[in-house]
Amino acid sequence: MTKIPALVVGTGFGCRVHVPALRAAGFEVVGLVGTRPDKLERKAADAGIPAFFTDLDEAIEKTGAQLVTIASTPSTHAPLAMKAIARGCHVLCEKPFALDAAEGAALLAAAEKAGVVHMVAHEFRWLPERVLFGRAIADGLIGEPRLLAMDQFIPFCADHEARLPGWWFDEASGGGWLGAGGSHLLDQIRAWLGEFDSVSARLLTVSDRTDVADDSYSLRFRLANGLEGSMQQSAGAWGAPATLVRCAGSKGTVWIDAGKVMLADKDGTRELDVPEDLRLPMGEVSASGRPPSFELGPFTRLCEALRDAITGQIGQSSVAIPTFADGLASMKIMDAIRQSSHEGGALKTV
């Protein structure tokens, strides 16, 4: 079978995760796109990519790419995606896939009009524990879900001297932890439990920084099905990472504990077995001896689902594909969160 030619935009996460995941899923990476020719040349050579470009239109024209994956600064996502769509290319875009819901709606409309496959890189939908957690709810093991709590503390940017891309802390560039980390969790909640109805939130900076985009947030929400929930996440918290993911229902409670999915009901507490179809590919150790990124397994599953959508094959994906429609839904929630925070935590309808 002829491999689908793909372009990757972005030399950071794009080279580290997009490129190997695309190859593992059977795509041919025909070019790398970025802004600095010197860096592009080095990165392309390191990754064994045959060509590099600073202009996406030129890259598509010269390589005949049918797919463009975008892993650049969030403020560039929409313009790049629009260029790819105008050329008839399928698009996989990193999150947040737009700066706001208006931009997201325009992207979705353009992709649907062009008839191209469009996906947002919510690869963590494929994490086995998250799929199993959702199945427990969908299968009625906890009865009617009524309360969800998701809390996380990680030291990702706790050290203000840590070397991180400048856009992470630049609101105008689409930075901030709500978009970088929160978008994944908002998408996951929708995948598990349905649409949001209202939110009350505050965006925070916990690390020792001033005048920067958020590195933390605190959120209360209500879903359309009546479930109440809370979510707090900080990427600026010193110490060992700590995570709580727990949903209580009318007949039981399900939670994630260090990658294990636990269920408690009137019969006691037990661990749920991970079925074979949820297991992830391990990936290969790089030439430098570095082990594969933890994102690589789920991202490979994402790319496999993308391949099947492009070729029209009946896929074996264990989860629903995250499309631009899902990206737009998340943007609407994030817009409401930002508006709520700006107004001191006021309740906002999504």
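**Around S4**

I began with S4, which pairs with strand S5 (residues 90-93) in the parallel sense over 4 bridges. Pairing here takes at least two bridges found by DSSP between the two strands. Helices (H or I, at least four residues) and strands (E, at least two) are DSSP runs, numbered from the N terminus.

Before going on, a note on the source: this is a predicted model, where local features need pLDDT of at least 70, side-chain atom pairs count only at pLDDT 80 or more, and totals for chains, interfaces and linings use all residues. Residues are numbered from 1 along each chain as its sequence is written, and side-chain values use heavy atoms, with hydrogens and water left out.

Back to the strand. I found Val91 of S5 opposite Val68, and Val68 is also the bridge partner of Leu7.

Is S4 (residues 67-70) buried or exposed on its faces? Leu67 and Thr69 on one side are buried, and so are Val68 and Ile70 on the other. Buried means under 20% relative accessible area, exposed over 50%, partly exposed in between (1.4 Å probe, protein chains only). Side chains in a regular strand alternate between the two faces of the sheet.

I also noted that S4, helix H4 (residues 74-86) and S5 form a right-handed β-α-β unit. Right-handed means that, with the strands pointing away from the viewer, the path from the first strand over the helix to the second runs clockwise.

Next I checked Arg190, which lies in helix H7 (residues 177-193). Its relative accessible area is 12%, so Arg190 counts as buried. Beyond neighbours within four places in sequence, Arg190 touches Arg125, Glu195, Phe196, Asp326, Ala329 and Ile333. Contact means heavy atoms within 4.5 Å.

Which residues of H7 meet H9? I listed Leu178, Gly179, Ser183, Leu186, Asp187 and Arg190.

Last, I looked at S11 (residues 242-249), which is antiparallel to strand S7 (residues 145-153) over 8 bridges. Leu147 stands opposite Ala248 there. On to strand S12 (residues 252-257): 4 bridges join S12 to S11, again antiparallel. Val245 stands opposite Ile256, and a hairpin of 2 residues links S11 to S12.
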